[in-house]
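Have a look at the picture first, then read on.

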Amino acid sequence: MTPLDYLLLFAAAFAGGAVNAVAGGGTLLTFPSLLWAGLPARVANAVSTAALWPGQLSSLWGYRKQLRGAGLAVAVMFLPSMIGGAAGALLLIKTSNGAFERIVPWLILLATCLFLAQEPISRAVLRRRATNAADGSEPSDAPRPSVRWLMVAVFQVFVATYGGYFGAGIGIVMLAVLALMGLQNIHQMNGVKAVNALTINAVATCLFISQGLINWRLAAWMAVGSILGGYLGAGLAQRAGQRAVRRTIIVIGLGLAVALFVQSAYNGAHGVDRKQHTSKPSGRG
């Protein structure tokens, strides 16, 4: 790999850590950069997960004061996050590299759509909250708090399974669920999200390590960038230009999905053997 490759990967990890601290979607920056550097899709996914995990830890430290009063949300979602993260990682391990490369464009498209849906979902949640506040109570058909938290726990298993398998966009889904559960402080919600994203990716990373899917040189290099980005992103969340960041991520996600769909169609039409490409997990050069 060239010095430019390493610079790009460091920058992508820094930006990914910062984006994850604010809302989520950092994988849509790190994963494409690793593909561009020449890693097979499955290895790129594992390295991206391992590299962003330390950044999520530093982001959590930045939100530590905001977690006061959020113990119930953390407790309810913690075990489902562990179970789902392990299930998703095991599913990825069982998926061949060729099959994963065929699935990747759909995963990136799904993650980008989740990112696009974040603002409309947030507006709908705020409208509902304002309506309930004006009425002075919740709707009569609203389930009891215990039932709602059980629903959150079950839903979190599925979110975490997707997170362990690929992961882009899980923070957005978790923020929407927490808002629907009545949490109002966005920084507290980001703290809860950080705890669970950290749990999911920590479990997945351990399983990826056990299967030898981690390129340690690249993961360590990118981890430094994600740590810096995660901490600074948490501290600067209120002052960040989120609209420009969101638009950049959406363009990257949609562009990458289209490019991979075209590449997959071309490879299928011309019988390109992807095994030759996947034999060089250390990247280009």
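## Ground rules

This is a predicted model, where local features need pLDDT of at least 70, side-chain atom pairs count only at pLDDT 80 or more, and totals for chains, interfaces and linings use all residues. Residues are numbered from 1 along each chain as its sequence is written, and side-chain values use heavy atoms, with hydrogens and water left out.

## The overall build

What do you get if you sort this protein into helices and strands? You get 11 helices and zero strands. Helices (H or I, at least four residues) and strands (E, at least two) are DSSP runs, numbered from the N terminus. Along the sequence, the pattern reads α-α-α-α-α-α-α-α-α-α-α.

The protein has 285 residues, and 50% of them count as buried. Buried means under 20% relative accessible area, exposed means over 50%, and partly exposed is in between (1.4 Å probe, protein chains only). Accessible areas come from the Shrake-Rupley method with a 1.4 Å probe, and for residues only the protein chains shown count as cover.

Now for contacts, meaning heavy atoms within 4.5 Å. Take those between residues at least 6 apart in sequence: 84% of them join residues at least 24 apart.

## Aromatic rings

A pair of aromatic rings is described by the distance of the centres and the angle of the planes. Rings of Phe, Tyr and Trp (its six-membered ring) pair if their centres lie within 6.5 Å; planes under 30 degrees apart count as stacked, over 60 as edge-to-face and the rest as tilted. That rule gives four aromatic pairs here. In one of them, the ring centres of Phe-10 and Trp-221 are 5.0 Å apart and the planes sit at 45°, so this pair is tilted. Phe-10 belongs to helix H1 (residues 3–22) and Trp-221 to helix H9 (residues 216–235), so to speak a link between distant parts of the chain, 211 residues apart. Phe-10 is partly exposed at 21% relative accessible area, and Trp-221 is partly exposed at 36%.

Another pair is Phe-100 and Tyr-165: the centres are 5.6 Å apart and the planes are at 75°, so the pair is edge-to-face. This pair also links distant parts of the chain, with Phe-100 in helix H5 (residues 97–135) and Tyr-165 in helix H6 (residues 145–165), 65 residues apart. Phe-100 is buried, with 0% relative accessibility, and Tyr-165 is buried too, at 8%.

## A nonpolar patch outside

Which residues form the nonpolar patch on the surface? They are Phe-14, Trp-61, Val-224, Leu-228, Tyr-231 and Leu-232, with about 580 Å² of accessible area together. Like charges are joined within 9 Å, and nonpolar side chains (Val, Leu, Ile, Met, Phe, Trp, Tyr) within 5 Å.

H9 gives the largest share of this patch, four residues. Trp-61 sits in helix H3 (residues 41–62) and is exposed, with a relative accessible area of 52%.

The Thr-199 side chain reaches the backbone oxygen of Val-195 at 2.9 Å. Leaving out residues up to four places away in sequence, Thr-199 touches Phe-78, Ser-81 and Met-82.

## A buried glycine

Gly-84 lies in helix H4 (residues 71–94) and is buried, with 0% relative accessible area. Gly-84 and Val-159 are 75 residues apart in sequence, yet 7.2 Å apart in space, C-alpha to C-alpha.

Technical notes
A polar contact is a pair of N or O atoms within 3.5 Å; within protein, one must be able to donate a hydrogen and the other to accept it, and residues adjacent in sequence count only if both atoms are side-chain atoms. Patches are made of residues with over 30% relative accessible area and no salt bridge: like charges are joined within 9 Å, nonpolar side chains (Val, Leu, Ile, Met, Phe, Trp, Tyr) within 5 Å. A salt bridge is a side-chain nitrogen of Lys or Arg within 4 Å of a carboxyl oxygen of Asp or Glu.
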